[in-house]
Amino acid sequence: MRRLARDRAAMAALVLFAVIVIMCLLAPVYAAWAGVEPFKSTLDAVITIDGQDVPVMEQSTEGLGLGYNPIGPTWRLGSYFLGADNQGRDVMARLLYGGLNSLVIAGSATIVTLVLATALGLAAGFFGGIVDTVLSRILDILWAFPVYLLAISLSIVLIAQGVQIGPITIESGSLSLPIFIIGIVYIPYVARPVRGQVLSLRESEFVLAAIGLGVPSHRILYRDILPNVSTTLIVFVPLMMALNMLTESALSFLSIGVQPPNASWGTIILDGQGLLYSRPMVALAPGLAIVITVLALNVFGDGLRDALDPRSKIRIGRG
Amino acid sequence: MIFALLRRFGQMIFVMFGISVLVFLIFFATPGADPAARIAGRNASPEILEAVRKSFGFDQPIYVQYLTMMKKIFITGDLTSFVNRGWKVVPAVLDTVPVTLSLVIGAAVLWVVFGLLIGVAAAAARGTWLDKLLMVLGLIGISMPVYWLGEVMNLVSQSRYHDTWMFSWVPPLGYKTFSTDPKGWFLTLVIPWITLSILYIGLYGRVLRAAIIESLQEDYIRTARAKGLSETRILLRHALRTSLISFATLFGLDFGALVGGSALLTEVVFGLQGVGKLTYDALLNLDLPIIMATVMYASFFVVMANALVDIVYILLDPRVRTG
């Protein structure tokens with residue numbers, strides 16, 4: 001840990017990430033202070049700039065003068081800092097709310113992946129034999145499946161109607177769907193290295209001694225093996241989180257992640273696509289937010305890996 | 001060696017089977033909804049629903065349904081869309097393959113060349129400002145959402161700076177076939193190639209640098225130094241050569257994954273009618289037969305590409321060959 005604390009780039013990245021999280025957590029405060037409704041069409045809103053009333057949706061001056069253009073960035077905090085989208089909603093407020101959703105989904109999906117992958121990796125590596133064969137083949141199948149196509153297949157089936165599995169009903173607009181989808185598709189990325197590590201731990205002397213003493217398997221797994229793979233798991237957290245942020249935004253951009261009127265950074269970029277040439281800030285701002293957040297996570301993740309597990313070859317970035 | 005090859009081949013067949021079962025279960029056996037209604041699309045009439053049920057054999061046992069689906073996709077190829085009545089799905093998918101291949105091959109050339117340059121330059125200059133700069137740029141490339149980068153590229157080249165000398169050559173979005181208009185084909189693809197390759201240039205540059213620096217610790221490098229070889233020669237002839245193994249493996253996997261649908265986001269942003277764009281349009285229209293076919297073909301392609309990488313590995317690496 002001291003090594004990590006001395007890594008200035010990693011610490012700066014961690015601070016930056018914390019600032020982003022805090023800003024997103026303050027989204028409701030910002031919306032209340034600015035007096036905007038980030039999830040409702042407010043086409044007839046009027047704001048005051050320098051004592052003048054300006055409508056949020058202004059009459060288009062290009063072409064035939066038909067239609068309306070949302071207001072561009074005012075660069076004044078609290079009154080459409082980044083402008084409005086095509087429904088007259090404050091982009092800055094939506095950016096903060098959207099960031100919150102992106103972070104929640106990426107974080108929860110990371111937890112889902114790590115928990116399931118650890119369980120699979122431990123079981124496959126420790127019990128070996130038929131358990132290992134079956135689990136490894138399942139991981140092979142999941143590994144070979146193109147991520148976005150798997151996500152599209154799952155979401156076209158799930159998002160349209162929602163799912164009902166026994167007593168659990170997940171509604172179609174729920175955030176748990178993207179969490180579940182992203183959490184599942186990356187299991188092999190983590191489960192494979194965990195399995196490999198458990199395989200070698202299984203043959204180490206202290207584990208063989210415990211088995212010889214008749215210690216029950218679940219106790220060996222919990223007391224001897226899990227603490228030894230935990231370093232690998234910790235190293236995975238920021239890197240998986242970065243990958244999940246990118247995947248979440250991509251799925252939301254393809255309209256199979258967060259569902260409107262809810263927002264995430266991906267959906268705001270999608271909203272901004274139609275306004276790209278007239279009001280580019282709607283699409284630029286959330287993209288920059290993603291780049292900065294993911295970059296911070298990657299820099300911190302690299303530092304964490306160098307400090308905890310310098311010889312590991314953990315490297316994420318495909319997707 | 002024959003045994004290793006056969007084993008890898010068997011594994012490939014198994015994974016393909018597993019994927020087809022998984023796709024089948026996702027589309028036909030998710031709990032809580034009628035698969036016929038999903039396949040028929042929005043607001044389907046009772047007649048269409050009936051036609052779907054009959055065509056996919058929903059009154060028959062589940063393994064017959066699986067076989068029917070596989071037959072429709074791979075043997076008879078008569079899977080049809082119900083959203084666009086009568087549209088044959090399999091030829092539609094095959095039509096999009098050249099577009100995706102054009103995109104991915106061009107991007108692959110860029111990312112291999114620049115990935116090599118950046119990796120070698122950073123490794124040669126390790127510890128200096130150049131190394132740090134290249135690695136930070138690489139990390140930024142890895143951290144950018146590709147579809148957003150594509151939009152920024154469009155904004156710059158199609159709108160903001162389109163009238164300047166820099167981007168006046170950029171044609172409007174869309175795809176031109178190579179056989180009828182090779183110049184148009186090239187010009188429309190330049191910006192998509194750059195966009196798609198940036199992530200991989202960053203990734204491959206970083207991976208290659210790490211691999212070269214690791215192999216510079218090896219004993220044979222010390223031997224080469226002791227022989228008095230020049231530093232450049234050691235770097236290019238000895239360290240780079242071993243590092244290319246991981247580079248090539250990674251390339252096989254990524255190339256397969258991109259052709260198999262991961263280029264989707266780039267295709268969507270640039271309006272290139274490839275496999276990914278076809279899937280995306282089908283997603284918007286809720287046209288499930290198209291998605292079934294693209295998912296099945298694409299994932300099979302990925303599995304075969306992965307197997308091919310391993311087989312080349314077995315053929316080339318003497319340790320695997322004898323073992």
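From the N terminus on, the elements of chain B run α-α-α-α-α-α-α-α-α-α-α-α-α-α. Chain B thus comprises 14 helices and 0 strands, where helices (H or I, at least four residues) and strands (E, at least two) are DSSP runs, numbered from the N terminus. This is a predicted model, in which local features need pLDDT of at least 70, side-chain atom pairs count only at pLDDT 80 or more, and totals for chains, interfaces and linings use all residues. Residues are numbered from 1 along each chain as its sequence is written, while chains are lettered from A and ligands numbered from 1 in the order in which they are written.

## The two chains

The C-alpha trace of chain B spans about 80 × 60 × 40 Å along its principal axes. Chain A has 12 helices and 6 strands. The table gives the buried share of each chain; a residue is buried if 20 or more other C-beta atoms lie within 10 Å of its own, exposed if 12 or fewer, and partly exposed in between, with C-beta atoms placed from the backbone.

| Chain | Residues | Buried |
|---|---|---|
| Chain A | 319 residues | 47% |
| Chain B | 323 residues | 38% |

Two residues are in contact if their C-beta atoms, placed from the backbone, lie within 7 Å. Among contacts between residues at least 6 apart in sequence, 68% in chain A join residues at least 24 apart. For chain B, the corresponding share of contacts between residues at least 6 apart that join residues at least 24 apart is 69%.

## Nonpolar core

A nonpolar core is a set of buried Ala, Val, Leu, Ile, Met, Phe, Trp, Tyr and Cys residues joined through C-beta atoms within 7 Å. The largest such core has 175 residues, of which Ala151(A), Val190(A), Phe300(A), Ile291(B), Met292(B) and Ala293(B) touch the most other members. Helix H4 (residues 91–127) of chain A contributes the largest share of this core, 16 residues. Leaving aside neighbours within four places in sequence, Ala151(A) is in contact with Ile181(A), Val185(A), Leu251(A) and Ile256(A).

Ile181(A) and Val185(A) are among the buried residues of H7(A), together with Leu177(A), Pro178(A), Ile179(A), Ile182(A) and Gly183(A). Because 7 of the 10 residues of helix H7 (residues 176–185) of chain A are buried, this helix is largely enclosed by the rest of the structure.

## Interface between chains A and B

At the interface, 41 residues of chain A are in contact with 47 residues of chain B. On the side of chain A that touches chain B, the elements giving two or more residues are helix H5 (129–144), helix H6 (147–161), strand E5 (163–165), helix H10 (217–253), helix H11 (265–273) and helix H12 (281–308) of chain A. The most, 10 residues, comes from H6(A). By class, this side of chain A has 29 nonpolar, 8 polar and 4 charged residues; Ala, Val, Leu, Ile, Met, Phe, Trp, Tyr, Cys and Pro count as nonpolar, Asp, Glu, Lys and Arg as charged, and the others, Gly among them, as polar.

## Helix packing

Axes are lines fitted to C-alpha atoms, for helices over the stretch in contact, and angles run from 0 to 180 degrees between N-to-C directions. In chain A, the axes of helix H9 (residues 205–212) and H10(A) come within 11 Å and cross at roughly 160°. H9(A) and H10(A) are therefore roughly antiparallel to each other; angles under 35 degrees count as roughly parallel, over 145 as roughly antiparallel, 65 to 115 as roughly perpendicular and the rest as oblique. H9(A) passes H10(A) in a right-handed crossing; a crossing is left-handed if the near helix is turned anticlockwise from the far one by less than a right angle, and right-handed if clockwise. Phe206(A), Val207(A), Ala210(A) and Ile211(A) of H9(A) make the contact with Ile220(A), Asp224(A) and Ile225(A) of H10(A).

In chain B, the axes of helix H7 (residues 146–160) and helix H8 (residues 182–215) come within 10 Å and cross at roughly 145°. This crossing of H7(B) and H8(B) is also right-handed. The contact of H7(B) with H8(B) divides into 7 nonpolar, 3 polar and no charged residues.

## Backbone features

Most residues other than glycine have a negative phi, and most peptide bonds are trans. The peptide bond from Pro260(A) to Pro261(A) is cis, with omega near 5°, and Pro261(A) lies in the loop between H10 and H11 of chain A. That loop between H10 and H11 also holds Ser255(A), which has a positive phi of about 65° although it is not a glycine.
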